[in-house]
Amino acid sequence: MSPRGRLVLATLAGLVLAGLVHIAVVLAIPSLSESDALTKARTSETLDHAMPVYTLSTGINPAPAEAWLPIPDPSVAVGICAYNLAEGPMRVSARTGALMLSLAVHGRRGAFYAVTDQAAVRGALDLVILTRAQYDEALANEDENDVSRDVRIVATEREGFVVVRVVAALPSQRQAANEAVQAVSCTIDSPTEDAAKSGG
């Protein structure tokens with residue numbers, strides 16, 4: 001091979017290698033970042049309710065400057081519940097009312113399920129987020145005579161978070177929106193709890 005041919009081959013090999021390294025680095029950024037949404041959301045794992053991310057100004061208390069939401073909607077209160085399905089299925093329960101409420105389930109790669117209060121049954125919205133194995137187990141243990149009102153969602157990954165949003169159309173509804181976010185329950189479903197629910 002001529003010196004020029006070797007130079008062209010080496011240049012092409014270098015470009016291909018540089019491209020592969022660039023792609024690998026870009027794909028690894030979410031998993032290596034310490035400031036991505038999932039990492040921030042993990043601070044809420046020990047709570048049994050949604051952690052406020054953005055609370056609305058009520059006149060007495062101004063809206064806080066939130067690093068999470070650089071340009072927040074001034075009429076939407078936001079909270080999060082982080083989950084790790086290695087500990088068991090995550091149950092997210094919300095009572096609906098006059099204000100519009102939505103729940104969006106996120107994995108590291110983004111949202112994969114969303115629902116609004118329009119799907120509530122008798123004023124209650126219950127999401128249960130599970131792995132495929134946990135879902136299969138829940139189906140196997142289900143009592144045919146006891147119809148579950150749970151919305152079961154098979155997660156794409158073991159770790160993720162649920163974003164709770166409550167809309168305050170009027171300034172007088174802002175306090176109620178903030179309270180509605182914090183009233184959302186986020187708990188781990190244990191086998192004993194599931195058995196009690198099936199039996200009751």
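User: Over how many bridges do strand S4 and S5 pair in the antiparallel sense?
Analyst: In this predicted model, S4 covers residues 101–107, and a hairpin with two residues between the strands links S4 and S5. One of the facing pairs puts Val105 opposite Tyr113 in S5. The two strands pair in the antiparallel sense, and the number of bridges is six.

User: What is the order of the strands in the open sheet of five strands?
Analyst: The pairing in this open sheet is antiparallel, and S4 with S5 is one of the pairs that build it, joined over six bridges. S1 and S2 also pair in the antiparallel sense, over three bridges, with Pro52 standing opposite Gly79 in S2. The order of the five strands is S1-S2-S8-S4-S5.

User: Why is one side of strand S1 and of strand S5 left without a neighbour in the sheet?
Analyst: S1 comprises residues 51–54 and S5 residues 110–116, and both stand at the edges of the sheet. Between neighbouring strands of this sheet the turn is 25° on average, with direction ignored. One side of S1 and one side of S5 lack a neighbour because each of these strands has a single partner strand.

User: Which residue in S8 is the bridge partner of Ala82?
Analyst: Strand S2, residues 76–84, and strand S8, residues 159–167, pair in the antiparallel sense over nine bridges. Within this pairing, Asn84 stands opposite Glu159 in S8. For Ala82, the bridge partner in S8 is Phe161.

User: Which strands does helix H4 touch as it packs on the sheet?
Analyst: Helix H4 spans residues 174–183, and its direction makes about 5° with that of S2.

User: How far away from Asp117 is the nearest side chain of opposite charge?
Analyst: Asp117 is found in the loop between S5 and strand S6, where it touches Thr96, Leu99, Met100, Leu101 and Leu125, leaving aside residues up to four places away in sequence. Asp117 is buried yet has no salt bridge. The nearest side chain of opposite charge belongs to Arg95, at a distance of 12 Å.

User: Which residue in S7 is the bridge partner of Leu130?
Analyst: S6 and S7 run parallel and are joined by four bridges. The bridge partner of Leu130 in S7 is Val154.

User: Over which residues does pLDDT stay under 50?
Analyst: The protein chain averages a pLDDT of 81, and 78% of the residues score at least 70. One stretch, for which the model has seven contacts beyond four places in sequence, stays under 50, and this stretch is residues 192–200.

Technical notes: Residues numbered from 1 in each chain as written. Predicted model: local features only at pLDDT ≥ 70, side-chain atom pairs only at ≥ 80, totals over all residues. Heavy atoms only, no water. Pairing = 2+ DSSP bridges. Axes fitted to C-alpha atoms, helices over the stretch in contact; angles between N-to-C directions. Contact = heavy atoms within 4.5 Å. pLDDT = per-residue confidence, 0-100. Buried < 20%, exposed > 50% of the residue type's maximum accessible area, 1.4 Å probe, protein only. Lys, Arg positive; Asp, Glu negative; His and termini not counted. Salt bridge = Lys/Arg side-chain N within 4 Å of Asp/Glu carboxyl O.
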